[in-house]
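Welcome! Please take a look at the sequence and the model below, and then work through the exercises with us.

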Amino acid sequence: METAPLLKMSQISKTFPGVLALDKVDFELRRGEVHVLLGENGAGKSTLMKILSGAYQKSSGEIELDGVPVSIKNPRHAQDLGISTIYQELNLIPHLSIAENIFLGREPSKFASVIDQRALVRAARELLKGLGLTVDPSARVKRLGIAEQQMVEVAKALSLETRILIMDEPTSALSQQEIKQLFATIRRLKEGGVSIIYISHRLEELFELGDRVTVLRDGRSVATCEVAETSKPELIRLMVNRELTEQFPKRQATIGEEILRLEGLTTSGLRDISFSLHKGEVLGIAGLMGAGRTELAQAIFGVEKIEAGQIYVKGKARRITSPRRAINCGIGFLTEDRKSQGLVLRLSVGENLCLPSVDKFSSWGMVDRNKEKLACRRYIQELRIRTPSLKQKVSFLSGGNQQKVVLGKWLCSEAEIFIFDEPTRGVDVGAKAEIYELINRLTAEGVAIIMISSELPEVLGMSDRVLVMRSGEIAGEFSAYEATQERVLQCALMA
Amino acid sequence: MRPNGIALRQNFLLHHARQLGTLSGLLVLGLVLWALTPHFLTLSNLLNVAEQATIIAIVAVGMTFVILTAGIDLSVGSVLAFAGVVMASALHAGAPLPFALLAGLVTGTVCGLVSGLLITLGRLPPFIATLGMMSVARGTALMYTGGRPISGFSENFRWLATGEVLRVPIPVIVMIGIYAIAFFVLTRTKLGRYTYAIGGNEEATHLSGVNVRFYKTVVYGLAGLFSGLAAILLTARLNSAQPIAGMMYELDAIAATVIGGTSLLGGEGHVLGTLIGALIMAVLRNGLNLLGVSSFLQQVVIGSVIIVGVLIDMALKRRGKYS
């Protein structure tokens, strides 16, 4: 049955000085549907949503809500209209309780603006129950996991009588299990008549969850279609306007001698980890959130204190007590959170590229800037980093290019062992393929790679061997031939 | 929607407009004062202003390094007083001049290093560590002297403040030299690179293998060193080392740094901006004096200039970032 759309955005344009961010974009949202917004980084998804949530003002175009033209003045106004957003970076106050966060700014009060704590907790409990959550509403938010914090955001949105809920990459920090929970919640919201705009890079999710999908490319709306009537290759083609024939390109690396060996490595979060890694090999590490994957990377890189066990690099026992020592051993670490751990956003592309290897370019404490420039140019070219110059602040690059800068950092430091922690999180399909290709090129040159990833197809597609971690231990090892999604998942979940 | 050539070039211009903005603020201020009181634009008065600016300007160099690492040093004024009385008593005890000067510099540096170690090894917030040091250094200086100034020094020593080369006072030459060195350190050396990196993102810098604790401690040591240097110049100028010298200098130094465009969040700013900031404050004081404005009202005016200057800066930055 065709009904009038709840929301209609037509011919929306947005210009920033010198940039046309959105070019006459059309977008329509029906009542109670999950509408996926798809597009590469920089395609205009966030800009469009920021206009809808009142954070930006459109330059031209019309927005109709329930058939009535509206002009959304600011985020508060959007909220009053029933439009809420859950951002990738959650906006909760850690020291306040769940209930206080949900009703922040709208606390029920008795008299003289004394907060009615009991009414507050009661209302919060009601909301959480509706979401199938049993946490205590007076618990502090900082004690919650990311998935639960997200639920608090959802509860907050519901308390605002939200009709349109915008979710920006909600699953990027969640484990498989948590994603299932989130999806169940989204379905429940849908049944309750809430329309959801869902931004994601993960095509799998789209097919599981979405009703319709709109693809943006270069600030234009390319197509809107029913999810049931489309396919992955078609969507990828629409997004990048080229066929990505093979998501995980074939690789022909020869696996060489052993370069890294862990024997009985134990830290506060890891127990008795042993494995070896060879030149030219990609060792995938799978496991749920909290299984100890990142802790393992940190232990090898000298961030976590090693309590027992030994690390051997090229057959020699090495004591790695700081990142500096790890780097001197030829180890590079691409952290999972590139903005807070991988890059200094206020510095330039060049300065970031050289940060771990400034020593190499300096004598007597002075930096030889010509030497440095030459090295940077080389890596920018090799990695095809799209930047107008070395001096460009790295914060202005797209996610995929930022990731390449992090990669370049470790190439520049001449690392031979790369630890990738979620290398493709938050990068678009095109950049993903480029990163996979780079991994293949690295291994072809004899570099050894440890790849931690929550995306099983990625782990399985790229690895020569897969280790599965569970509560700080290695729960299983599979060769590329043995590893299937079912086996790995089963191994990771087994109690 | 960021990666676009045109938008970037505009941003680049805006970035430099920031520095030019502070400079043009100084020039406008100078023009206004010139119009109001012709005496302002005489060589002798301008040199006088520059000399007035030296002490705060030198202290503010160290402050700029510290603030670039996203820290703060509240102890610079007290450390100045402490270093001053140590050096003065060395002079009175008959120590050779170079030795006494070194004693002052070392005292300042050690105080700074202690603050730095409290922050890096002791994991104290910079505000707390240097607040403590502010009180400890002041108290020690007062105890050491019994609260009395140490006065009367040789002509040789006083030449450091009274001497001139080609009519330019020695302190001004020292100040220019210090800023040249600081500029070089910040742009060309590892220490400078890491100072910006630590302030921009301490964790990412640590994970890039930089010994963050070492460099942060060094930066606080530098702040102490510059306090020691300022102590020498101030003592020579006054012909007296006072345990109550340098009161509120930390605030003037912070103000000069911030007016100069260094972000209190760290990782962004330039030492040349700080120099202009220090000059603006000195010009303002000098001008208000020439105009016969009461010292009470002067404080109000200077405070307002700081607030308005930073407001304009923030408004410009916001436009540069979001539109």
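A residue is buried if 20 or more other C-beta atoms lie within 10 Å of its own, exposed if 12 or fewer, and partly exposed in between, with C-beta atoms placed from the backbone. This is a predicted model, in which local features need pLDDT of at least 70 and side-chain atom pairs count only at pLDDT 80 or more, while totals for chains, interfaces and linings use all residues. Residues are numbered from 1 along each chain as its sequence is written, and chains are lettered from A and ligands numbered from 1 in the order in which they are written.

**Exercise 1.** Find how many residues of α3(B) are buried, and check the span of this helix.

*Solution.* Start with the cover: 14 of the 17 residues of α3(B) are buried, so the helix is mostly covered. Helices (H or I, at least four residues) and strands (E, at least two) are DSSP runs, numbered from the N terminus. Next, the expected span of a helix is 1.5 Å times one less than its number of residues. For α3(B), residues 76–92, that gives 24 Å, which agrees with the 24 Å between its end C-alpha atoms.

**Exercise 2.** Describe how α7(B) and α12(B) pack.

*Solution.* Two packed helices are described by the angle between their axes and the distance between the axes. Axes are lines fitted to C-alpha atoms, for helices over the stretch in contact, and angles run from 0 to 180 degrees between N-to-C directions. Here α7(B) (170–188) and α12(B) (271–290) meet at about 150°, with axes 9 Å apart. This makes α7(B) roughly antiparallel to α12(B) (angles over 145 degrees count as roughly antiparallel). Now list the partners: B:Y179, B:A182, B:F183 and B:L186 of α7(B) meet B:V271, B:L272 and B:L275 of α12(B). Contact here means C-beta atoms, placed from the backbone, within 7 Å.

**Exercise 3.** Is A:T162 buried or exposed, and which residues does A:T162 touch?

*Solution.* First locate A:T162 in the loop between α5 (146–159) and β7 (164–168) of chain A. Then count: A:T162 has 22 C-beta neighbours inside 10 Å, so this residue is buried. Leaving out residues up to four places away in sequence, A:T162 touches A:G82, A:S84, A:A157 and A:V194. One of these, A:G82, is 80 residues away in sequence, yet its C-alpha is 4.3 Å from that of A:T162.

Key:
Parallel < 35°, antiparallel > 145°, perpendicular 65-115°, else oblique. Contact = placed C-beta atoms within 7 Å.
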